[in-house]
Amino acid sequence: MLVLGIESSCDETGLALYDTNRGLLAHALHSQIVLHAEYGGVVPELASRDHIRRLVPLLREALRQGGAALSEVDAVACTQGPGLAGALLVGCAFAEGLAVSLGKSVLPVHHLEGHLLSPLLAADAPEFPFIALLVSGGHTQLMAVTDVGQYELLGETLDDAAGEAFDKTAKLLGLGYPGGQALSQLAEAGRPGVFNLPRPMLHSGDFNFSFAGLKTAVLTLVRKAGDGMDDTFRADVARAFQEALVEVLTKKSCAALKQTGMRRLVVAGGVGANRPLRQSLNAAAAHQGCRVYYPALEFCTDNGAMIAFAGAMRLKAGAIPRPAGAFAVRPRWPLSELMR
Ligand code: KG4
Ligand code: ZN
């Protein structure tokens, strides 16, 4: 079965082809980062309009890469939610139109399921069961995953997501949007131990997170520094922020491994690209006899490959795609509703 995947939930347009026998054949991506950078964040209406512009050229590009004809596509998987309503509508309307014209069916995909299954695209893929740490711009969750569609939420952030905390802190330090990667680069020049920031909810005894206080602690430092905010100060603060966030994510992930007795940790979402986080998780997991799996860097952030793949996994697991026709998007869609 050849599945065309379409991702348009936020500021990336991604199209990909996944064959249930041959694997990933193609993936084409356009990031809108430059478009939104001057506004300091994603502007939903601009995102929707840009998705409209990009879909057809990216579809052509994916078909060219995969050496496939549109008529060979067996099902169209598209992100139905969660995400920006207008952006989701563009991708889903496009998927629906394609499916109608081809006489094929549609597979609505949950964006977070795409993220958490994305490490399975790698050649050295983890087996079930595993703990998934989902750390993106909009979500921070720990889940126990026993199979496709079997996701038990262990804990999540009570306020800001990890990526959101990175982006907001980056903004406070005068970096552009999205600031996660830039903040991480700045932190490389920072000295350890200059500032000691709080580790929110580290000892809460559950798997929930809270990062808003960490961001506020940075804000307090920045206000205190006033005009004295030079490059050394910014690098030291970036380092302290990253260390605090990495420690909390690492300790809670390891506690989830320990409590469930699982031996594999899968990390997905944009913050999973963070190098110090990877180093810390690898070392801590190895210490308790566990292993960490990551998607390829290009699949950490939003992309069409993970949507095509999640759709294909659903097909393999016996999901029945629905005929094209009436459709709806789900800007807010709890992952727990996917439980079979
Ligand atoms: O998964 P993603 O593409 O989007 C959502 O679905 O939300 O993740 C984007 C987030 C942004 O907040 C970005 O700043 C963060 O991932 N990010 C990073 C790094 N690369 C991307 N955060 C920390 N370190 C990085 N290297
Ligand atoms: Zn995402």
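Select C290 to begin: this cysteine has a relative accessibility of 10%, so it counts as buried (under 20% relative accessible area; over 50% is exposed and in between is partly exposed, with a 1.4 Å probe and protein chains only). The structure is a predicted model, in which local features need pLDDT of at least 70 and side-chain atom pairs count only at pLDDT 80 or more, while totals for chains, interfaces and linings use all residues. Residues are numbered from 1 along each chain as its sequence is written, chains are lettered from A and ligands numbered from 1 in the order in which they are written, and side-chain values use heavy atoms, with hydrogens and water left out.

**The cysteines**

Next, select C92 and C78. The sulfur of C92 has its closest cysteine sulfur in C78, 3.5 Å away, which is too far for a bond. A disulfide is a pair of cysteine sulfur atoms within 2.5 Å, and the structure holds 0 of them. Returning to C290, the nearest cysteine sulfur is that of C254, at 7.3 Å, and C290 is in no disulfide. C92 is also buried, because its relative accessibility is 2%.

**A95 and its helix**

Now select A95, which lies in helix α3, residues 85-102. Helices (DSSP runs of H or I, at least four residues) and strands (runs of E, at least two) are numbered from the N terminus. A95 has a relative accessible area of 0% and is therefore buried.

**Ligand 1**

Finally, select ligand 1. Of the 19 residues around ligand 1, G137, D167, G180, G270 and N274 come nearest; a residue is near a molecule or strand if one of its heavy atoms lies within 4 Å of it. Domain 1 (2-116 + 299-338) and domain 2 (128-294) both contribute to this shell, so ligand 1 lies between them. The domain bounds come from an automatic or database domain assignment.

Which helices each supply at least two residues of the shell? They are α4 (111-117), α5 (162-172) and α6 (180-188). Of these, α5 gives the most, with 3 residues.

An oxygen atom of ligand 1 is 3.0 Å from a polar backbone atom of G270. An oxygen atom of ligand 1 is also 3.4 Å from an N or O atom in the side chain of H111.

Terms used:
A polar contact is a pair of N or O atoms within 3.5 Å; within protein, one must be able to donate a hydrogen and the other to accept it, and residues adjacent in sequence count only if both atoms are side-chain atoms.
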